[in-house]
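Please look at the protein shown here and follow its parts one at a time.

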Amino acid sequence: MTNLFDIKGKIALITGSTHGLGMAMAKGLGQAGATIVVNGNSSQEKIDNAVAELKSEGITAVGYKFNVTEEQEVKTAIQKIETEVGPIDILINNAGIIKRIPLLDMEVSDFREVVDIDLVSPFIVSKHVAKGMIQRRQGKIINICSMMSELGRNTVSAYAAAKGGLKMLTKNMATEWAKYNVQINGIGPGYFATEQTKPIRVDGHPFNDFIISRTPAAKWGDPNDLAGAAIFLSSKASDFVNGHILYVDGGILATIGKPSNEE
């Protein structure tokens, strides 16, 4: 049974993995024996720091700086990674942004930027990684979707549009590439306890209270909770799973009524 979940020696490229949930998944896959390829675009320093952090935990890691929205940069980087590190076995399209702006106030340029990073970039990166996977007749692609792939919320229209599109892109990738023994699935994280959410994760904060009361599990997710889902979708255990979105949300999407933790 352990062989089903074995990813030792696999090479995993995770976009936007210098911090947050991307780093959490990098640590999870790395601790399971995968070689981690860290990606970011804001600075080489952040990439170097992320690689150093992974290595300090005994994880084999390297870093590559490239803009996931620029196809030529992506193409060049993928070729370089596969020459210098090896064939990419696992791709996690994690890079993304959110801009919380009401629709009537949102500039078209802001809407396009969110869609470009959150939806177009997974298409670009997957296109160039999948070519090698198809030739080798094996590979795993995981697109990081969202609860906003299913639901709307005030001020996140561009993000929801992109993540809803990413859900359907995931299904269409599976439709076209499953016959080559490439599995393409998604993970939809709920609300997680990260450095970014730390300022609002305090008793009495309205959003913190909302998340605690709205989530049947009655808590924020631990970033480590994503590791199991990522390992499952990266391993032989998911060889007949394709076009599926696995929501790791503590049960939020399971209910529209009063959460089970409320009396």
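This is a predicted model: local features need pLDDT of at least 70, side-chain atom pairs count only at pLDDT 80 or more; totals for chains, interfaces and linings use all residues.

Residues are numbered from 1 along each chain as its sequence is written, and side-chain values use heavy atoms, leaving out hydrogens and water.

Begin with helix α2 (44–56). Helices are DSSP runs of H or I with at least four residues, strands are runs of E with at least two, and both are numbered from the N terminus. The expected span of a helix is 1.5 Å times one less than its number of residues. For the 13 residues of α2 this gives 18 Å, which agrees with the 18 Å between its end C-alpha atoms.

Which residues of α2 are buried? They are Ile-47, Ala-50, Val-51 and Leu-54. Buried means under 20% relative accessible area, exposed means over 50%, and partly exposed lies in between (1.4 Å probe, protein chains only). Seen down the helix axis, the buried residues of α2 fall within an arc of 100°, so they line one face. That arc is taken from the directions from the helix axis to the C-beta atoms. The face turned away from the buried side carries the exposed residues Glu-45 and Ser-56. The buried residues of α2 pack against α1, β2 and β3 (61–65), where contact means heavy atoms within 4.5 Å. Just after α2, Gly-58 takes a positive phi of about 80°.

Next comes the interior. A nonpolar core is a set of buried Ala, Val, Leu, Ile, Met, Phe, Trp, Tyr and Cys residues joined through side-chain atoms within 4.5 Å. The largest such core has 28 residues, and Leu-29, Ile-36, Val-38, Leu-54, Ile-92 and Ile-187 touch the most other members. Elements giving two or more residues to this core include α1 (20–31), α2 and α7 (225–234). The largest share, 5 residues, comes from α7. A second, separate core of 24 residues includes Tyr-64, Ile-124, Val-129 and Ala-130.

Last are the rings. Rings of Phe, Tyr and Trp (its six-membered ring) pair if their centres lie within 6.5 Å; planes under 30 degrees apart count as stacked, over 60 as edge-to-face and the rest as tilted. The whole structure has 4 aromatic pairs. Phe-207 and Phe-210 have ring centres 5.9 Å apart and planes at 40°, so this pair is tilted. Ring pairs link Tyr-191, Phe-207, Phe-210 and Trp-220 into a cluster.
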